There are 2 protein chains.
Amino acid sequence: MSTKSSPRTSARPRLSSLNRRERAPDHRAAGSPAALQFRPIHTRRAFEEICERIREQLVLGVLKPGDKLPAERDLARQLGVSRNVLREALRSLEMAGVLRLQKGVKGGAFIREGDTSRMNDVMRDMLSLGTISVRELSEARVHVLDLVVRLACANARAADLEALEANVDRTELATREGRLLDRVECSREFYKLLAAATGNKVIAMIMDSVTEIHMRFVYAKVASSGVAMARLAEKRRQFLAALRERNVSSATRLMRTHLESVQRMLEQDPGAMSLHVALADIQPGIRR
Amino acid sequence: MSTKSSPRTSARPRLSSLNRRERAPDHRAAGSPAALQFRPIHTRRAFEEICERIREQLVLGVLKPGDKLPAERDLARQLGVSRNVLREALRSLEMAGVLRLQKGVKGGAFIREGDTSRMNDVMRDMLSLGTISVRELSEARVHVLDLVVRLACANARAADLEALEANVDRTELATREGRLLDRVECSREFYKLLAAATGNKVIAMIMDSVTEIHMRFVYAKVASSGVAMARLAEKRRQFLAALRERNVSSATRLMRTHLESVQRMLEQDPGAMSLHVALADIQPGIRR
DNA sequence: TTCCATTGAATGGGTGATCCATTTAATAAT
DNA sequence: ATTATTAAATGGATCACCCATTCAATGGAA
């Protein structure tokens, strides 16, 4: 072994002696039972250990949103890893929405408020990879929206209703001025506000994740064909009225029939709609 | 500028001339309208560009599950970035469940089948960061489960019912043998099978994500107190019977009352239940 | 004093060379 | 034929740099 390698393995405290956490058991002396299953062992890598430790501090409450981690150089030294490896870990946590990295003096790695849009990215990747289908997503959206409408009827507060009303105002204006794509943007916002009106951030997050991609399809459709939903603002007003009255069955019915007509619109000339067109430009983003 | 820096900026084709995609518009000559909002510009970093390009190839169908990316050294050269930066991108994609990295000759970066468990990790981080509360998660779970039961009644196939039946058999056995923690594991599996019985992977994914953490709480409770749900297997049999009969109202009612009793169990001695206990040991994992 | 340009240090972003550990196919020895 | 050995390819990790951005401290001009 070369003399150069020795400092790497001994000169400073290393991350963990548990670097390889699990080993395949040695069954050589015990024969080979047929049903025996080996979980693939997977050598634990430094960056995983680092991510784990940081998440641990989060769960323990030692780290909270707004807190700053030590500078990369310091933290790397503390953990006994190279700066590059530490950066891999920080990158992963950044992409997971846990950290926000900021340059410059007074910069650093800050714990973020949770980024609820991360679920959208998961959904997008699942679609890209073909693990879920557009059909499944649409179907799920119908059911989730049904739930959201019921919860919004039960829990919407005055502020929620006002925000929705203002949204419909914008929708109406966009319609009058012929800004169809802006109107699609209003629709996206409408569903986001409706999701928020449930008063449950988990439900809202789920709702957003199944709505995001759907709206991309609508956008692509409107952009390419120029056709758009007729009497949209009017339908929204009716729905809002039902919501105000806490009339679950009416609100549900209105939303359901609306979804059906949107679906019919999307399914005209289905050949024009490709996953690729709808998903283009959405990239798991780092929102700062 | 030193002579050393010049090769970095000119010697080989760089990632993109669009390295900074969006710039804040220059409004100096136009005054300062009050409502003007600046989206924070954020210098696009190399690893983001790389992730985007790879995801692009996914959406376009050029890359499919099972495909292998070029070796790190080659890909880095092709993209005109250093190997370290490329690795940051690959790490991020690995943590996102898009890639699987494998060592050794014949190793490399392979496109994975989508990993539906990624959503669980998002949920976990949201809890750790305090963005969502346990209360919201439990409430969401009740509603989602309600939906899942309805869909399972409508769509469960013979194979699904068999798997559920086998699961209840195991539950019964574990009960008789007093293996309470194994029985919790059975419960986790039960809900996973039920989710799968909906026939919709999006719904299943959502269901799993709200169930995972909940089951950690149940596990921690059972492990610490030794108490456990009475007549569990029996209740499961009743529920399965309703499911077989496609009796939505009965199945829904049975599940709902069961959830309530579980909730009562969890809420005894609530002080003992901390987020930290329940979340310990769950780490966004790389399952190979 | 007040204001604005300059400077310099801290920080994340990025590079390239080098070595290690694991895996596997080709090769040699038995 | 079978079994060790070897060599090459690959991801994992380290080190020593340099660059670009940011911002507080500094200092000179108004």
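Tutor: Let's begin with Arg77(B), which is exposed, with a relative accessible area of 53%. In this predicted model, Arg77(B) forms a salt bridge with Asp74(B), and their closest N and O atoms are 2.7 Å apart. Asp74(B) is partly exposed, at a relative accessible area of 33%. Both residues sit in helix α3 (residues 72–79) of chain B, and because they are three residues apart there, about one helical turn separates them.

Now turn to another pair in chain B. Arg179(B) and Asp182(B) form a salt bridge whose closest N and O atoms are 2.8 Å apart. Here Asp182(B) is partly exposed, with a relative accessible area of 37%, and Arg179(B) is partly exposed too, at 30%. Elsewhere, salt bridges with shared partners join residues into one network: Arg45(A), Glu48(A), Glu88(A), Glu72(B), Arg83(B), Arg87(B), Arg91(B) and Glu94(B).

Finally, look at a pair made by Glu136(A) and Lys201(B): this salt bridge has its closest N and O atoms 3.5 Å apart. The pair crosses between chains, running from helix α6 (residues 134–155) of chain A, where Glu136(A) lies, to helix α9 (residues 201–225) of chain B, which holds Lys201(B). Glu136(A) is buried, with a relative accessible area of 5%, whereas Lys201(B) is partly exposed at 39%. If you want to keep exploring, the structure holds 62 salt bridges over all chains.

Technical notes:
Residues numbered from 1 in each chain as written. Chains lettered and ligands numbered in written order. Predicted model: local features only at pLDDT ≥ 70, side-chain atom pairs only at ≥ 80, totals over all residues. Heavy atoms only, no water. Salt bridge = Lys/Arg side-chain N within 4 Å of Asp/Glu carboxyl O. Helix = DSSP H or I, 4+ residues; strand = E, 2+ residues; numbered from the N terminus. Buried < 20%, exposed > 50% of the residue type's maximum accessible area, 1.4 Å probe, protein only.
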